[in-house]
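Subject: Structure for your files

Dear colleague,

Please find the structure below. My notes on it come after.

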Amino acid sequence: MKMLVSIYLLATLMLLTGCFSDAPPSKETVTEIPDVQVADVQAWQGALSQKLPGVVRPGKRAALSTRFAGTLLSVEVDPGDRVASGDLLARVDAREVNAAIAATRTKINATQAGVKQARLESQRLERLYAEDLIARVRMERAQVKYEEMKAQLTAAESELEAQQANLSYTRLTAPFSGRVTEIPVDTGSFVGPGQPLVIMESREQLRVDVPVSSQVAASLSPGEKLAVIVGPQGKRLPAHLTSVVPALGDETTGQRLRLSLETTDDQLAPGQVVSVLVPDRAQQAQTSDWVGLPREALLRRGQLTGTLVVEQTNSGSVVHL
């Protein structure tokens, strides 16, 4: 601030060099002093903020993939298509899963027959034991066999449920309503678990990520109101701070503010760089000796800017440069 004031004084001094001269002015050069506007200098009361770059992100983003290896049979959408929740997006070869389901169902049928047979045998031996016709150990062995068969049936049924869940992953459906943004794999390609096949976004609500220092991040709280500046006209959109994404270290500059836009704008799109006004509370604490003056009080000549300050003293008015 002191450097800035020095520049102001130097500029104004240069401007006034031609106005104050030792030689008396001639009659031809004497002109009437024009009226000027004056304003009282007051202590600075405004809030300080810094303008930081931010990147617009979609409110929701999903990279859809399958859980097993297979051939991508078809893609039912194109990049840019709008889809509703539950719409079919792509299909993966399900022959191996269908074969596993068929084998598991055969196993379940066989196990069910074994459970039925073990139950009848256990009941028969229980009657014989009640009539003292067999030893207790034979009845207990039959009961154990029956319990083992029931456990095998439960395991087979669980395996069938798992295979049916895998079958659902051969049909990729939209988890929410939005727009398809990218299809990174061509039809006919062999795909594996976790490999993105269709990427989609929801732009009904956008967010903004702003990289900041740890000092700035520590001065803000979730829910705080901020402003996002959009377009050449500097349109301001309200936003609120939802979270601070921490950095790997406590004193690094890799932290990010995550803002949620309260309104949408046609000029905004994911990936766009915008400006965000972030309160500068560290600088605000150092403004006790700052003053404010109207913009009209500034004198500009080229790249130099200055102002005149008139101070009332006992001997009269003093002009400060």
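Predicted model: local features only at pLDDT ≥ 70, side-chain atom pairs only at ≥ 80, totals over all residues.

Residues are numbered from 1 along each chain as its sequence is written, and side-chain values use heavy atoms, with hydrogens and water left out.

Overall

The protein has five helices and 18 strands; these are DSSP runs numbered from the N terminus, helices being H or I of at least four residues and strands E of at least two. It has 321 residues, 30% of which count as buried (under 20% relative accessible area; exposed is over 50%, partly exposed in between; 1.4 Å probe, protein chains only). Among contacts (heavy atoms within 4.5 Å) with a separation of 6 or more, 72% join residues 24 or more positions apart. Carbon and sulfur atoms hold 52% of an accessible surface of about 21,100 Å² (Shrake-Rupley method, 1.4 Å probe; for residues, only the protein chains shown count as cover).

Helix 3

Helix 3 covers residues 136–168, and its end C-alpha atoms lie 49 Å apart, which agrees with the 48 Å that its 33 residues should span at 1.5 Å a residue (the expected span is 1.5 Å times one less than the number of residues). Its buried residues are Met139, Ala142, Tyr146, Met149, Leu153, Ala156, Leu160 and Gln163. An α-helix has 3.6 residues a turn, so residues three or four places apart point the same way. Helix 2 (95–130) is part of what covers these buried residues.

Two loop residues

Aspartate 132 sits in the loop between helix 2 and helix 3. Its phi is positive, about 60°, although it is not a glycine, and at 69% relative accessibility it counts as exposed.

Glycine 271 is in the loop between strand 12 (255–261) and strand 13 (273–279) and is partly exposed at 49% relative accessibility. Leaving out residues up to four places away in sequence, glycine 271 touches Val55 and Val56. Glycine 271 and valine 56 are 215 residues apart in sequence, yet 5.3 Å apart C-alpha to C-alpha.

Cores

The largest nonpolar core has 28 residues, of which Leu72, Val83, Leu89, Val92, Leu197 and Met200 touch the most other members (a core is a set of buried Ala, Val, Leu, Ile, Met, Phe, Trp, Tyr and Cys residues joined through side-chain atoms within 4.5 Å). At least two residues of this core come from each of strand 2 (49–64), strand 5 (88–92), helix 2, helix 3 and strand 9 (198–212). A second, separate core has 22 residues, including Leu237, Ala239, Leu257 and Leu259.

Regards
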